[in-house]
Amino acid sequence: MTILLTGAAGFIGMHVAQALLARGERVVGVDNLTPYYDVRLKQARLERLQTQAGFSFVQADVADRDVMLPLAASRPEVTRVVHLAAQPGVRHSLVDPFAYVEANVMGQLVMLEFARRQPRLEHLVYASSSSVYGGNRKLPFAESDRVDHPVSLYAATKRSAELISESYAHLFGLSQTGLRFFTVYGPWGRPDMAPWMFADAIISGRPVTLYDGGRLKRDFTFVDDIVAGVLGCLDHPAEGARPRVLNIGNNRSVEVRHFVEVLESALGRRAVIVDTPRPATDVEETFADISAIQALCGFTPRTPIEVGVPRFASWYLSWREGG
Ligand SMILES: NC(=O)c1ccc[n+]([C@@H]2O[C@H](COP(=O)([O-])OP(=O)(O)OC[C@H]3O[C@@H](n4cnc5c(N)ncnc54)[C@H](O)[C@@H]3O)[C@@H](O)[C@H]2O)c1
């Protein structure tokens, strides 16, 4: 099977590519290596993939229809698409709003047009986000909950992408699954996300900034569990006209302060905590109801933070020392 994977040089994309290659699939990776965070990290991920048989890479912007649509014609062997490329980060969407609409909304539309032109396409799996639940208070978050009050532009673009996908399923019978990821962490993670920023501050002896005293709660999900869920869904195409949107999380909501305690013990150093109010872009709690994805493909998260955080910490320390 040949899978086109966008965001292949990204955190989740690299892990998904590795798992697909490990089971003998061919992967066409697409990424524009945007400099939102250190491009050396993206290049290092890519270098790992490029040493493996079955991987090829196209450097391209998924929002660029003049490049992406001809790519569909030149790759008729593609039967599945995993679309993970996006402009991530809730707070940065205050700084560069246009990048979010371009990558996450136009990018989604172009990938749907790409999929529509793919003669043998069986399934498109794309990344959405737990942020679509906004400030919802009913927990855990379930797919049937209302999701029309985003608290960040990032969330609004992810929800827009889901709606655009739904229209394509209705109009063209395109088989799709949207996955609402809940705070993913692990080796090769993102420097703009809390686990990395906390580790960096702890090791450098700088204060760790915690919102609302670290009482915010997140459903931290280890990347290997995410990969298992992405592959499980990819192997179960949705009925064309009935698009699926599924939560994919750890199903355990953990106080950020506790996450930092586990990280402190993994790094062998104490954090100096600075307390600050929660910004308007960040929600109080995320917590995934995963019964739907469990029923579809047997998805079962296996990595509690007591196991996943030390694995992240040891990778982080080796990356800091030069890879
Ligand atoms: N990591 C998380 O906790 C999390 C949570 C919710 C949703 N998501 C979603 O999962 C997906 C993967 O996230 P990630 O954490 O791996 O992020 P990432 O930034 O590490 O990976 C995204 C990749 O997409 C690439 N990219 C960005 N814009 C592009 C464009 N226009 N064209 C081509 N490539 C482009 C980037 O260069 C990057 O390598 C994203 O859609 C993100 O919104 C992630």
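Reply: Helices (H or I, at least four residues) and strands (E, at least two) are DSSP runs, numbered from the N terminus. This is a predicted model, in which local features need pLDDT of at least 70 and side-chain atom pairs count only at pLDDT 80 or more, while totals for chains, interfaces and linings use all residues. Residues are numbered from 1 along each chain as its sequence is written, and side-chain values use heavy atoms, with hydrogens and water left out.

Me: Which element gives the largest share of the shell around the ligand?
Reply: α1 (11–22), β5 (123–129) and α5 (153–172) each supply at least two residues of that shell. With 3 residues, the largest share comes from β5.

Me: Which strands stand at the edges of the sheet?
Reply: Two strands pair if DSSP finds at least two bridges between them. The open sheet has 7 strands with parallel pairing, in the order β3-β2-β1-β4-β5-β6-β11. One side of each edge strand is left without a neighbour in the sheet because each has a single partner strand; these are β3 (55–59) and β11 (244–248).

Me: What is the bridge partner of V30 in β3?
Reply: Strand β2 (residues 26–31) runs parallel to β3, and 5 bridges join them. In β3, the partner of V30 is V58.

Me: How much of the ligand does the protein bury?
Reply: The side chain of Y37 places an N or O atom 2.5 Å from a ligand oxygen, and a polar side-chain atom of K158 lies 2.8 Å from an oxygen atom of the ligand. Taken alone, the ligand exposes 820 Å² (Shrake-Rupley method, 1.4 Å probe). Of that area, the protein buries 97%.

Note on methods:
A polar contact is a pair of N or O atoms within 3.5 Å; within protein, one must be able to donate a hydrogen and the other to accept it, and residues adjacent in sequence count only if both atoms are side-chain atoms.
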